[in-house]
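Welcome to this short tour. Please open the model in your viewer and follow along, one selection at a time.

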Amino acid sequence: MYEHSGVDVQQFKKSRHVIGFEKLERNTGYMGALKGIGGFHLQLFSCVHYGATLTVLLGPNPNAETVTTTFNVLPALLFPAVDVAKVKAALKEVQLDALYTTQHLEPLAAEMGLTDIRVQIIDADGMSLLVFTFYGG
């Protein structure tokens, strides 16, 4: 079932990549871990805009392999099957070193009828967080 956010939470929860899925607040916040990657926080929103932010803890100094693995897992967690290949292809185009500034995936957002899709890696006290956000409306 798709909530207003556009994310199928049950599909996300049942993914073979997800372990320890926990609801935080009234069906908008969740946390858990992605196998072989790290912990995550999923925030859904559906007020003026609909969409979601998925923050994944990549650990200290993530290598290209970790980011690539994360990019391979994310689309199937967040988007319907018909859009997964498009999202994966767009993420493959993003250069790892460019991720330390926000990357807006405008062509993909336009193709999917969304307002924005963006991805960034943020360093926080020696740990790296990958933040993937999409919204429309």
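Two strands count as paired here if DSSP finds at least two bridges between them. Keep in mind that you are looking at a predicted model.

**Stop one: the sheet.** Colour the strands and trace them across: seven of them form an open sheet, in the order β1-β2-β3-β4-β7-β6-β5, with antiparallel pairing. At the edges sit β1 (18-25) and β5 (103-104), each of which pairs on one side only.

Now select residues 29-34, strand β2, together with residues 38-46, strand β3; six bridges join the two in the antiparallel sense. Show L34 and you will find G38 of β3 opposite.

**Stop three: two helices.** Next select helix α2 (residues 64-78) and helix α3 (residues 81-92), which pack at an angle of about 150° with their axes 9 Å apart. Angles over 145 degrees count as roughly antiparallel, so α2 is roughly antiparallel to α3. Their crossing is right-handed. Which residues of α2 and α3 make the contact? Show F71, N72, P75 and A76 on α2, then V84, V87, K88 and L91 on α3. Six residues of this contact are nonpolar, one is polar and one is charged.

**Last stop: the whole chain.** Zoom out and count four helices and seven strands. Along its principal axes, the C-alpha trace spans about 35 × 35 × 25 Å.

Key. Residues are numbered from 1 along each chain as its sequence is written. This is a predicted model: local features need pLDDT of at least 70, side-chain atom pairs count only at pLDDT 80 or more; totals for chains, interfaces and linings use all residues. Side-chain values use heavy atoms; hydrogens and water are left out. Axes are lines fitted to C-alpha atoms, for helices over the stretch in contact, and angles run from 0 to 180 degrees between N-to-C directions. Angles under 35 degrees count as roughly parallel, over 145 as roughly antiparallel, 65 to 115 as roughly perpendicular and the rest as oblique. A crossing is left-handed if the near helix is turned anticlockwise from the far one by less than a right angle, and right-handed if clockwise. Contact means heavy atoms within 4.5 Å. Ala, Val, Leu, Ile, Met, Phe, Trp, Tyr, Cys and Pro count as nonpolar, Asp, Glu, Lys and Arg as charged, and the others, Gly among them, as polar.
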